[in-house]
Amino acid sequence: MTLTVAVRSAAALALVALLAPPPAGAHHSFGVVYDANKPVTLTGTVTKFEWTNPHSHLFIDVKDGSGKVVSWALEGYPATVLARTGWKRDETVKIGDTITIFGWRARDGSPLAHLRQATLPDGRKLFFGPPAGTGEGAATVR
Amino acid sequence: MRDAATTTRFIATLLFIAAAVSTPGAQQRGSSGPLPRTADGKPDLTGVYQASTRRGAWDYDVPGEQAGVPAARPAGDAQPTGARPEPVPFTPEARQRAQAILNRRSVDDPATLCLPQPTPRMTPVALFPVQIVQTPQQIVMLYEYFGQSRVIPIGGKQPDDIEPAYMGNAVGHWDGDTLVVEMVGFKPGLWFGNGLVTTDALKITERFTRIDHDQLNYEAVLEDPKVLTKPYTMRSTLMLREGTRLREYSCIENNVDPQRYEKLLSDPSTFTRTPPVQ
């Protein structure tokens with residue numbers, strides 16, 4: 001590696017480090033339960049909304065490939081954070097609404113996911129939870 | 001290979017961007033007004049704050065075009081710089097333990113059990129506001145995250161009957177326009193992220209400096225010779241959030257993690273990881 005390339009690499013790494021966001025403040029580790037390598041997009045009908053701390057849960061019924069209805073549990077931000085992320089309890093999403101969600105599946109393959117983003121019936125998109133990996137720490141000690 | 005001039009321009013550009021995002025409070029709109037002061041001339045820290053470098057209203061991400069990815073921020077709007085820009089000066093044993101914690105994806109973090117957290121861990125969390133109420137004799141800090149609070153007497157000495165606590169015992173004094181908070185009396189086994197777990201030897205010195213109407217600079221120096229080879233400094237920038245109120249965050253209300261974890265811990269190989277080869 002030449003000196004120029006080395007300096008350039010170091011500068012790029014420094015920039016990446018500086019752009020790192022602040023701790024998102026996960027009460028728990030994402031990666032213990034969820035798998036960042038298993039993204040999932042689902043469309044289903046809302047059956048229940050737990051507007052609670054330390055995490056909220058949204059439940060939707062989704063038809064699988066064979067037409068069977070599966071109830072998915074979707075986990076995300078605490079109620080206090082949802083309220084500042086554009087969600088209004090009992091208004092933004094109502095029981096019976098059809099929504100599309102993007103998230104990451106649980107490692108155990110059960111119908112459980114970390115819900116990152118919801119697309120509402122009117123097309124609006126809102127975040128429901130932090131990015132993948134929050135709260136588990138980096139792979140190596142810094 | 002680029003020529004020397006191109007390389008120099010490239011590095012200069014990177015350093016310019018780095019400087020723009022690393023300067024505390026870097027943003028495009030400048031100061032919003034002078035630092036408010038109390039009747040006795042001290043800086044008035046009273047207000048509700050959020051860990052962020054953006055001035056104005058509550059700072060939160062909105063989805064972009066790609067599912068799960070935030071929309072691009074306006075040009076010149078700096079991303080927060082984070083609270084841990086420097087490496088942790090671990091002792092060799094503490095570093096080994098930290099890596100073991102990260103290998104287990106922090107599954108043993110006491111926060112999962114809703115146990116109280118030390119302030120340098122709560123203060124820079126961007127999702128939750130911090131409220132400061134100031135009087136000449138004492139300063140009260142309220143944290144939405146975990147619903148914690150602390151009362152910091154000004155000018156006092158550490159009491160001689162301290163019981164070890166999650167938040168330690170705090171006394172404060174003014175160093176010019178900076179509020180200095182010294183804390184001792186911590187329980188052992190507190191987590192600070194990145195695998196850092198402290199001991200009963202922990203001492204923390206916090207410095208709060210409100211540099212203008214909006215911006216409060218925060219610094220916490222951790223000293224713990226049992227796990228750190230030298231003092232370790234965490235820094236963050238807080239911004240005033242007028243119109244924001246603290247809401248109730250009851251961590252035990254619907255905490256399903258202990259049950260989930262009990263099942264998962266019967267076979268940690270399902271989630272543990274090995275560090276990448278350096």
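**Entry 1: a loop next to a helix**

I started just after helix H2 of chain B, where Arg105(B) takes a positive phi of about 50°. Helices here are DSSP runs of H or I with at least four residues, strands are runs of E with at least two, and both are numbered from the N terminus. A note to myself on the source: this is a predicted model, where local features need pLDDT of at least 70, side-chain atom pairs count only at pLDDT 80 or more, and totals for chains, interfaces and linings use all residues. Residues are numbered from 1 along each chain as its sequence is written, while chains are lettered from A and ligands numbered from 1 in the order in which they are written.

I then looked up Ser106(B), whose phi is near 60°, a positive value in a residue other than glycine. Ser106(B) lies in the loop between H2 and helix H3 (119-122) of chain B. Is Ser106(B) buried or exposed? Ser106(B) counts as buried because it has 23 C-beta neighbours inside 10 Å. The rule is that a residue with 20 or more other C-beta atoms within 10 Å of its own is buried, one with 12 or fewer is exposed, and one in between is partly exposed, with C-beta atoms placed from the backbone.

**Entry 2: helix H2 of chain B**

I checked the length of H2(B), residues 92-103. At 1.5 Å a residue, its twelve residues should span 16 Å, and the end C-alpha atoms are 17 Å apart, which agrees. The expected span is 1.5 Å times one less than the number of residues.

Next I asked which residues of H2(B) are buried. They are Ala94(B), Ala98(B), Ile101(B) and Leu102(B). These cover an arc of only 95° around the axis, so they sit on the same side of H2(B); the arc is taken from the directions from the helix axis to the C-beta atoms.

**Entry 3: one more positive phi**

Asn194(B) has a phi near 55°, again a positive value in a residue other than glycine. I found Asn194(B) in the loop between strand E6 (178-184) and strand E7 (203-210) of chain B. With 19 C-beta neighbours inside 10 Å, Asn194(B) counts as partly exposed.

**Entry 4: hairpins in chain A**

I moved to chain A, where strands E1 (residues 34-50) and E2 (residues 56-63) pair in the antiparallel sense over five bridges. Two strands pair if DSSP finds at least two bridges between them. Lys48(A) stands opposite Phe59(A) in E2(A). A hairpin of five residues joins E1(A) to E2(A). Pro54(A) is in that loop, and a cis peptide bond, with omega about 0°, joins Asn53(A) to Pro54(A).

E2(A) also pairs in the antiparallel sense with E3(A) (residues 69-76), over eight bridges. Here Ser56(A) stands opposite Gly76(A). Five residues lie between E2(A) and E3(A) in their hairpin, and Gly67(A) in the turn has a positive phi of about 90°.

Chain B averages a pLDDT of 88, and 85% of the residues score at least 70; pLDDT is the predictor's confidence in each residue, from 0 to 100. Over residues 10-28 of chain B, pLDDT stays under 50. Where pLDDT is low, the predicted coordinates should not be read in detail. For the complex, I noted an ipTM of 0.84 and a pTM of 0.86 from the predictor.

Technical notes. Two residues are in contact if their C-beta atoms, placed from the backbone, lie within 7 Å.
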